[in-house]
Amino acid sequence: METGKISETVEGSNVATKICILGGGFGGLYTALYLQSFRGFKHKNCQIILIDSQDHIVFTPLLYEVITDELKTWEIAPSFDKLLKNKDIQFCQDTVEDIDLKTSQVKLLEGGNLPYDYLVIAVGVTNGKIPNGAENVLTFRTLADTQRLEQKLQSLENSSQEKILVSIVGGGPSGVELAGKIADRLGKRGEIRLIERGKEILKSFTPATRKNAQRALDKRNVLISLQTGVNAIETDKITILQAGETAVIPTDLILWTAGTQMRELVKNLDCSHNSRGQLICEPTLQLVDYPEVFALGDVAEISYPNNQQLPATAQVAYQQASQAAKNLWKTLNNKRPRPFHYLHLGEMITLGMNTAAISSFGISLSGSFAALVRLGVYIQRLPTLSHKFKVIRHRLQVWWQHLFGKSASHKKLR
């Protein structure tokens, strides 16, 4: 794995076929890992270039565990340098400013123009629009977001105030997961309010998961305000609208998890978009206008004959990465790409420390066992075998120390 300046050749003097992958998340990184693992790839004189503005991936489904110190940052946000060591993938940390689809070039902030033969766009979306004047509102999508939240929570915990008031806007999975984790972290000092515009939380989830989530939040005394909008946000208060009446809610911390929006980079591309700004793709994940370009994850709309809508989840991007790599490999070998077919494996959500809910193929689980299953599934999905083994070994050490400590305590009591 190389970093820094992008080289022009791979093995010998012939110019390599450049496969440029934008975005180091589930779609981009896993496409690169799958593609370079195909037998015979080393002899294809191809160059995979992975570009991301950050130097690490964020395994977002487990980002919530960092807030409660159930997992360490290095476990869910390993650096690309470590992940791509001894891989046939070149990582370039840079910001993509523009993509010229007609001339097949990517414009980088520091690296200038980068020509490509094949392009994978997997840059993801950004946070939804936050009301004006809400500079003090925190979001939760990146490692930097987590660090800012940690600093704010520590400051509040170290203060002399008796109650810590937290308002979370958005009753989707991110808002619900944050509510459970923060409620457990703050304990009796915390007063958590979850604000949702719709009639229910987790509207895209199964009734069983919604029921388990409601039960878990009720147990933690999280106040859920449904059919409630946000009119204004100030430093220490939030004005909400519910049933035609406004109310001013004092708050120490505001977290915004409501909605997402397309990046300007994606919206400005000279190709076909839908009304939401997504790139319109063939079932093979190729842009309808540019077959040498693939789009994955939240930025892509697949043109299925039955107008099937795919959920904006990590498992969709993960599955698409596998298909994109296969189709790139087929294209390199002059074979016809195959359409992507999504297999819904179910849903998993954390509901606090050591508790979760799972619904998969008609089976529903909740509680500590569900939390253990969820963690095991996600560890299995971590990138590279090396990183998985490091995390598993560390988790086993932590659990062993926890059990041994309890055993020692029991012996002392006897």
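Start with the lining of the second largest pocket, whose residues divide into 7 nonpolar, 7 polar and 7 charged. Ala, Val, Leu, Ile, Met, Phe, Trp, Tyr, Cys and Pro count here as nonpolar, Asp, Glu, Lys and Arg as charged, and the others, Gly among them, as polar. The model is predicted: local features need pLDDT of at least 70 and side-chain atom pairs pLDDT 80 or more, while totals for chains, interfaces and linings use all residues. Residues are numbered from 1 along each chain as its sequence is written, and side-chain values use heavy atoms, without hydrogens and water.

Select Glu 70, Asn 354, Leu 375, Arg 395 and Trp 399, which lie nearest the centre of this pocket among its 21 lining residues. A pocket is an open set of points on a 1 Å grid over the protein atoms alone, where a 1.4 Å probe fits, with protein on both sides within 12 Å along at least five of seven lines; lining residues have an atom within 4 Å of a point. The volume is about 550 Å³, taken as the space filled by probe spheres set on the points, which are joined across faces, edges and corners.

Next, colour β21 (347-352), α10 (368-381) and α11 (385-413); each supplies at least two residues of the lining. Helices (H or I, at least four residues) and strands (E, at least two) are DSSP runs, numbered from the N terminus.

The term stands for a side-chain nitrogen of Lys or Arg within 4 Å of a carboxyl oxygen of Asp or Glu. Lys 181 lies in helix α6 and Glu 70 in the loop between α2 and α3 (73-76), so the pair ties together parts 111 residues apart in sequence. Lys 181 is buried at 1% relative accessibility, whereas Glu 70 is partly exposed at 22%. Buried means under 20% relative accessible area, exposed over 50%, and partly exposed in between (1.4 Å probe, protein chains only).

Last, go to Glu 200 and Arg 210, whose side chains meet in a salt bridge at 3.5 Å, N to O. Glu 200 is partly exposed at 33%, and Arg 210 is buried at 18%.
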